[in-house]
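These are my notebook entries on a single structure.

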Amino acid sequence: MIRHLVLFKLNEGVERDDPRVVRGVEAFRSLDGEIPEIRFWECAWNISDRPIAYDFAINSAFEDAEALSRYVEHPKHQAGVGLWREFATWVIADYAF
């Protein structure tokens, strides 16, 4: 199995209630059950107020690297990525478990 973690940082001046952010969050929340390669899916806002903290996280799992690759290229995932590019940056970590 491959764990796929994504941590998002909203751009300066962008708030969680910004309509673009609301659409972006919904786009990612709706992926569970829509993309068959997803084996585990959760996403949520960060609750830590530490200055080094990111704002939003996705924790997901895929059967193997090929399944993860299919997910990354899936049109619904790419649509969500396109939304988030407008208002955030992010980092990822993928690892076998």
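The entries below follow that order, and the model I consulted is a predicted one.

**Entry 1: the sheet.** I began with the strand order. The model has an open sheet of four strands, arranged β2-β3-β1-β4 with antiparallel pairing. I noted β2 and β4 (88-96) as the edge strands, each of which pairs on one side only. With direction ignored, neighbouring strands are turned against each other by 10 degrees on average. I then looked up the pairing of β2 with β3, which is antiparallel and runs over seven bridges. For Glu 42, I found Asn 59 in β3 as the bridge partner.

**Entry 2: helices on the sheet.** Helix α3 lies across β1, β3 and β4, and I recorded about 140 degrees between α3 and β4.

**Entry 3: α2 against α3.** Helix α2 covers residues 65-73 and helix α3 covers residues 75-84; their axes are 5 Å apart, at an angle of about 60 degrees. On the α2 side the contact is made by Tyr 71, Val 72 and Glu 73, and on the α3 side by Pro 75, His 77 and Gln 78. I sorted the residues of this contact into three nonpolar, two polar and one charged.

**Entry 4: the nonpolar core.** Which members of the largest nonpolar core touch the most other members? Among its 23 residues, I found these to be Phe 28, Trp 41, Ile 58, Tyr 71 and Trp 84. Two or more residues each come from β1 (2-10), α1 (19-29), β2 (38-45), β3 (56-62), α2 and α3. Strand β1 gives the largest share, four residues. I set beside this the general remark that nonpolar side chains tend to be buried together in soluble globular proteins.

I then listed the contacts of Phe 28, leaving out residues up to four places away in sequence. Phe 28 touches Phe 8, Trp 41, Cys 43, Ile 58, His 77, Gly 80, Val 81 and Trp 84.

**Entry 5: Glu 37.** I located Glu 37 in the loop between α1 and β2. Is this residue buried or exposed? Glu 37 counts as buried because its relative accessibility is 14%, and the limit for buried is under 20%. Beyond residues up to four places away in sequence, I found Glu 37 touching Ala 61, Phe 62, Ala 67 and Arg 70.

Note on methods. Residues numbered from 1 in each chain as written. Predicted model: local features only at pLDDT ≥ 70, side-chain atom pairs only at ≥ 80, totals over all residues. Heavy atoms only, no water. Axes fitted to C-alpha atoms, helices over the stretch in contact; angles between N-to-C directions. Contact = heavy atoms within 4.5 Å. Nonpolar A, V, L, I, M, F, W, Y, C, P; charged D, E, K, R; others polar. Core = buried A, V, L, I, M, F, W, Y, C linked by side-chain atoms within 4.5 Å. Buried < 20%, exposed > 50% of the residue type's maximum accessible area, 1.4 Å probe, protein only. Pairing = 2+ DSSP bridges.
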